[in-house]
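Here are some notes for a colleague who is new to this structure.

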Amino acid sequence: MFVMLLISALVVGLSLGLLGAGGSILTVPALVLLLGMNEKSAIASSLAIVSFIALTGIINAVKKGALIPKILGWFAVSSLPAASLGAYVGVLLPVGDQTLLLTLVMLIAAFKMVRSSTVAISQEVDRNKLIMAGALAGFVTGIVGIGGGFLIVPALVIYAGLTMQQAVANSLALIVINGGIAFVTLQFGSWVPEIDWIVIGVMAAVGSGAVLVGQKISGKLNQQGLKKGFAVLLVIVAISLLIKQF
């Protein structure tokens with residue numbers, strides 16, 4: 001089990017560091033398929049793990065002054081309550097429904113990664129659309145336990161006028177706060193999923209180191225090839241989840 005735990009943490013951390021977004025979508029499948037965790041516990045644990053790993057990822061962004069408080073504020077004003085709501089709704093859903101939603105999100109993410117279109121950078125901030133995008137990303141984070149970076153990054157580019165590098169840096173900060181508030185919501189709710197803090201601690205620690213390694217080598221690798229390979233992995237994992245589900 002410990003070997004599987006290390007492998008899971010390395011895959012999640014490296015993919016998040018290499019791609020900037022999308023890596024955290026593997027956390028719940030890793031906990032379910034490799035560690036045998038039940039759906040509700042896996043989603044709750046994922047929120048904590050993803051938040052810790054993303055927190056490490058923003059260290060470089062803080063050092064470089066890449067975070068933009070004003071943009072983060074506009075996005076967070078809707079994403080935070082939506083993340084909390086998503087976590088609460090997830091608790092109420094029958095067992096299995098969140099896994100089905102997660103597989104759908106994974107297939108959508110895979111499609112977005114292989115699509116070869118470029119994202120047009122906006123020249124001005126569209127607050128209304130930024131707030132709506134924040135609500136969607138936050139709700140997805142809370143209900144299926146992922147970071148939602150594949151939604152946050154293009155939203156920051158299209159509606160906030162950030163460059164791709166700025167969007168990736170700021171998305172990590174938003175992943176931290178969205179995942180954190182969703183996790184706290186579950187801990188103080190009427191039904192608290194079983195949490196294995198050793199699993200969370202090991203995955204957070206190893207994943208945090210892996211995300212820094214991924215960031216260092218990402219510039220030396222072909223990003224388009226990485227995305228296509230990751231998209232194939234997402235499809236395979238999504239199918240594996242469906243097989244386990246049924």
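1. Helix α1 gives the nonpolar patch its largest share, four residues. The model is predicted, with local features needing pLDDT of at least 70 and side-chain atom pairs pLDDT 80 or more, while totals for chains, interfaces and linings use all residues. Numbering runs from 1 along each chain as its sequence is written, and side-chain values use heavy atoms, without hydrogens or water.

2. The nonpolar surface patch covers about 530 Å² and is made by Val3, Met4, Ile7, Val11, Leu33, Leu34 and Leu233. Its members have over 30% relative accessible area and no salt bridge, and nonpolar side chains are joined within 5 Å. At least two residues each come from α1 (2-19) and α2 (27-34).

3. Leu34 is found in helix α2. Leu34 counts as partly exposed because its relative accessible area is 37%, the class between buried (under 20%) and exposed (over 50%).

4. There is one cavity of 30 Å³ or more, a cavity being a set of points on a 1 Å grid where a 1.4 Å probe fits but cannot get out. The largest cavity holds about 60 Å³ of space.

5. Lining residues, those with an atom within 4 Å of a point, are Lys40, Ile43, Ala87, Gly90, Val91, Gln98, Gly142, Leu186, Trp191 and Pro193 for the largest cavity. Two or more of them come from each of α3 (39-57) and α5 (69-92), and α5 gives the largest share, three residues.

6. By class, that lining has six nonpolar, three polar and one charged residues, with Gly counted as polar.

Terms used
On a 1 Å grid over the protein atoms alone, a cavity is a set of points where a 1.4 Å probe fits but cannot get out, and a pocket is an open set with protein on both sides within 12 Å along at least five of seven lines; lining residues have an atom within 4 Å of a point. Grid points are joined across faces, edges and corners, and a volume is the space filled by probe spheres set on the points. Patches are made of residues with over 30% relative accessible area and no salt bridge: like charges are joined within 9 Å, nonpolar side chains (Val, Leu, Ile, Met, Phe, Trp, Tyr) within 5 Å. Accessible areas come from the Shrake-Rupley method with a 1.4 Å probe; for residues, only the protein chains shown count as cover. A salt bridge is a side-chain nitrogen of Lys or Arg within 4 Å of a carboxyl oxygen of Asp or Glu. Buried means under 20% relative accessible area, exposed over 50%, partly exposed in between (1.4 Å probe, protein chains only).
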